[in-house]
Amino acid sequence: MIKKKYSDHTVLDCPYAKEMREIISSEEYDKAGVAIAVDLEHMDAHYHNTFDEVYFVLEGNLKFQFYDPNTGKTWIENLEPNETVIVSKGIHHKILRASEHNRLFVVSIPPYHPDDENPSDKI
């Protein structure tokens, strides 16, 4: 069992958010990484080859664009509080717009790895 208090979170440097709070790291739990992104502003289009991401909006709203290289399909999703989207590995994604204040709960399965952030030339 893992139990952590807010004061135990690690604050990570993140170019996309005012604050990225790592709740559970890969060293603590090798099956998933858990974080909260606070006040996302933008996100360059990218994709991951080795992990899926689950986004759950806690506050605010975000507009994402996605591209699936398997189907060639591009689409947009608007996410409001209490809405979820699963971004499977290989799916290109970026933020088009974010409300001034927002919080996004992020789960990476398996855990996020910074070397697997590949720039997209599709969106």
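## The loop residue S99

S99 sits in the loop that links β9 (92-98) to β10, where strands (E, at least two residues) and helices (H or I, at least four residues) are DSSP runs numbered from the N terminus. The model is a predicted one, in which local features need pLDDT of at least 70 and side-chain atom pairs count only at pLDDT 80 or more, while totals for chains, interfaces and linings use all residues. Residues are numbered from 1 along each chain as its sequence is written, and side-chain values use heavy atoms, with hydrogens and water left out.

S99 counts as buried because its relative accessibility is 17%, and the term buried stands for under 20% relative accessible area, with exposed meaning over 50% and partly exposed the range in between (1.4 Å probe, protein chains only). Once neighbours within four places in sequence are set aside, S99 is in contact with L40, G60 and N61, a contact being heavy atoms within 4.5 Å.

## The chain as a whole

The chain holds zero helices and eleven strands, so that its elements, read from the N terminus on, run β-β-β-β-β-β-β-β-β-β-β. Of the 123 residues, 43% count as buried, and among the contacts with a separation of 6 or more, 67% come from residues 24 or more positions apart.

The C-alpha atoms fill a box of roughly 40 × 30 × 25 Å along the principal axes. The radius of gyration of the chain is 14 Å, which agrees with the value near 14 Å that a compact globule of 123 residues would have; this radius is taken over C-alpha atoms, and the globule rule is 2.2 Å times the number of residues to the power 0.38.

## The open sheet and strand β6

Five strands form an open sheet in the order β7-β6-β9-β4-β11, with antiparallel pairing, where two strands are said to pair if DSSP finds at least two bridges between them. Its edge strands are β7 (73-79) and β11 (118-119), each of which pairs on one side only. Strands of a sheet pair through backbone hydrogen bonds, either parallel or antiparallel.

Strand β6 (residues 62-68) is joined to β7 by seven bridges, the two running antiparallel, and within this pairing F66 has W75 of β7 as its bridge partner, while D68 stands opposite K73. The hairpin of β6 and β7 has four residues between the strands, and in it G72 takes a positive phi near 75 degrees. Six bridges join β6 to β9, again in an antiparallel arrangement, with F64 standing opposite I95. Strand β6 is mostly covered, since six of its seven residues are buried.

## Strand β5 between β8 and β10

Strand β5 is joined to β10 by seven bridges and to β8 (residues 84-87) by four, and it runs antiparallel to β10 as well as to β8.

V106, which lies in β10, is buried, with a relative accessible area of 10%. Apart from neighbours within four places in sequence, V106 is in contact with G33, V34, A35, E53, V54 and Y55. V106 and H48 are 58 residues apart in sequence, and their C-alpha atoms are 14 Å apart in space.

## The largest pocket

The largest pocket contains about 590 Å³ of space. On a 1 Å grid over the protein atoms alone, a pocket is an open set of points with protein on both sides within 12 Å along at least five of seven lines, in contrast to a cavity, where a 1.4 Å probe fits but cannot get out; lining residues have an atom within 4 Å of a point. Grid points are joined across faces, edges and corners, and the volume is the space filled by probe spheres set on them.

Of the 28 residues that line this pocket, L12, M20, A35, S108 and Y112 are the closest to its centre. At least two lining residues come from each of β2 (17-24), β3 (33-40), β4 (43-47), β5 (52-59) and β10 (103-109), and β3 gives the most, with five. The lining divides into 17 nonpolar, six polar and five charged residues, where Ala, Val, Leu, Ile, Met, Phe, Trp, Tyr, Cys and Pro count as nonpolar, Asp, Glu, Lys and Arg as charged, and the others, Gly among them, as polar.
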